[in-house]
Amino acid sequence: MLNIFKNTGMRFTWISIIIVVLDQWTKQAVVNSMQLYESIEIVPFFNFTYVHNYGAAFSILYDAGGWQRYFLSVIALGVSGLILWWLKSTTRQQLLLPVAFSFILGGALGNVYDRIMHGYVIDFLDLYYGTSHWPAFNIADSAIFIGAVLLIIDMFINKEANEVDK
C-alpha cells in the first residue's frame, strides 16, 4: 500500500491536502471577519470581496433554482475520483503531470466541500480594472487554474511522450 505513495503520482497528494486546508482556512477567515458583499481594498486593482457563488465558474448556473448544487457536486466528486485514478496511474518518472493533477484535485475538493456544506462556494478574491471586475474567486479556483496551466505546459514539454505511436 505504501508503494502506491512512493511509486506513483499519489506521492503528490500532499499538495491537494495543503490546498484544501489553505482554501478552507482563508474562506473561514473571510466569513468570520467580513459581512456578505463587504469589500476591502487591498491595492487599486485588488479587493477582498465576500460573495457566495451558487453556480459554477464565472457564476454559470447561478440562478438555476438549486439543483445545480447537487449536479456540480456530483461532477466535482466524479472528476476528483478520475484524478485520483490518473494519479495512481502515473509513473515515478512523471513529475509535472501528477503535480498538475494534485493542484486540480485540491481545488475541486475545496470547492465541493463548500457546495455540499453551504450550498454555495465562498469567493473573496476580486481583481478589477476601473469598473471592470473579473468574477470573484478563491484559493481553490486559483489552484485549479494553476493545475490547468501546468497541464498545458506538460503537454508541450512532454509532447513526444503524450503522442500516440503511429
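**Exercise 1.** Determine how far apart Asp23 and Lys27 are along helix α2.

*Solution.* Step 1. Both residues belong to helix α2 (residues 13-33) and are four residues apart, so about one helical turn separates them. Helices here are DSSP runs of H or I with at least four residues, strands are runs of E with at least two, and both are numbered from the N terminus.

Step 1. The model is predicted: local features need pLDDT of at least 70, side-chain atom pairs count only at pLDDT 80 or more, and totals for chains, interfaces and linings use all residues. Residues are numbered from 1 along each chain as its sequence is written, and side-chain values use heavy atoms, leaving out hydrogens and water.

**Exercise 2.** Identify the salt bridges that link Asp23, Lys27 and Asp114 in a network.

*Solution.* Step 1. A salt bridge requires a side-chain nitrogen of Lys or Arg within 4 Å of a carboxyl oxygen of Asp or Glu.

**Exercise 3.** Classify Lys27 and Asp114 as buried or exposed.

*Solution.* Step 1. Buried means under 20% relative accessible area, exposed over 50%, and partly exposed in between (1.4 Å probe, protein chains only).

Step 1. Lys27 has 1% relative accessibility and therefore counts as buried. Asp114, with a relative accessible area of 0%, is buried.
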